[in-house]
Amino acid sequence: QVRLVESGGGLVQAGGSLRLSCAASRTISTIYAMGWYRQAPGKQRELVADITGGGTANYADSITGRFTISRDNAKNTVYLQMNSLKPEDTAVYYCNARILMGALYDYWGQGTQVTVSS
């Protein structure tokens with residue numbers, strides 16, 4: 001199991017930047033993958049970006065070139081650097097850890113609100 005705590009959300013104007021952090025309660029070096037998802041009002045939760053234990057990153061088309069996911073295994077923390085933010089990026093952002101224990105199990109943080117004003 002793992003406990004995830006997000007931070008770094010807030011209110012920003014369009015074109016601005018934010019960096020989200022996700023601190024894990026255990027070492028992340030052996031976690032299969034960690035990622036960021038978001039859910040806007042009235043919409044389904046969607047993948048923003050994820051990164052495997054080997055460091056391979058995957059991005060949603062809507063944020064490619066603007067967001068960067070990274071991980072610091074020494075700090076058990078995953079980051080999401082968000083640049084050139086748009087109003088449509090407004091959502092609750094959730095940290096996810098996918099752990100392989102025979103099967104893959106998902107763990108979630110509590111979420112952090114990101115609001116981008118126009």
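Me: In which strand of this predicted model is Ser 21 found, and is Ser 21 buried or exposed?
Reply: In this predicted model, Ser 21 is found in strand 3. Its relative accessibility is 16%, and because buried means under 20% relative accessible area, Ser 21 in strand 3 counts as buried.

Me: Which residues does Ser 21 touch, not counting residues up to four places away in sequence?
Reply: Leaving out residues up to four places away in sequence, the contacts of Ser 21 include Trp 36. The others named beside Trp 36 are Val 5, Glu 6, Ser 7, Thr 77, Val 78 and Tyr 79.

Me: Which cysteines does the disulfide join, and how many residues apart in sequence are the parts that the pair ties together?
Reply: The structure holds 1 disulfide, and this disulfide joins Cys 22 to Cys 95, with an S to S distance of 2.0 Å. Cys 22 lies in strand 3 (residues 18-24), whereas Cys 95 lies in strand 9 (residues 91-101), so the pair ties together parts whose separation in sequence is 73 residues.

Me: Is the disulfide of Cys 22 and Cys 95 left-handed or right-handed?
Reply: Cys 22 is buried, with a relative accessible area of 0%, and Cys 95 is buried, also with a value of 0%. The torsion about the S-S bond of these two residues is about -80°, so the disulfide is left-handed.

Me: What is the order of the strands in the open sheet of 4 strands, and which are the edge strands?
Reply: Strands of a sheet pair through backbone hydrogen bonds, either parallel or antiparallel. In this open sheet the pairing is antiparallel and the order is 1-3-8-7. Each edge strand pairs on one side only, and these edge strands are strand 1 (4-7) and strand 7 (67-72).

Me: Is the aromatic pair of Tyr 37 and Trp 108 stacked or edge-to-face?
Reply: The ring centres of Tyr 37 and Trp 108 are 5.0 Å apart, and the angle between the planes is 75°. Because planes over 60 degrees apart count as edge-to-face, the pair of Tyr 37 and Trp 108 is edge-to-face.

Me: At what distance from the ring centre of Trp 108 does Arg 45 lie?
Reply: The charged end of Arg 45 sits over the ring of Tyr 94, 3.7 Å from its centre. Arg 45 also lies over the face of Trp 108, where the distance from the ring centre is 4.6 Å.

Note on methods:
Residues numbered from 1 in each chain as written. Predicted model: local features only at pLDDT ≥ 70, side-chain atom pairs only at ≥ 80, totals over all residues. Heavy atoms only, no water. Disulfide = S-S within 2.5 Å. Helix = DSSP H or I, 4+ residues; strand = E, 2+ residues; numbered from the N terminus. Buried < 20%, exposed > 50% of the residue type's maximum accessible area, 1.4 Å probe, protein only. Contact = heavy atoms within 4.5 Å. Pairing = 2+ DSSP bridges. Phe/Tyr/Trp six-rings, centres within 6.5 Å; stacked < 30°, edge-to-face > 60°. Lys NZ or Arg CZ within 6 Å of the ring centre and 35° of its normal.
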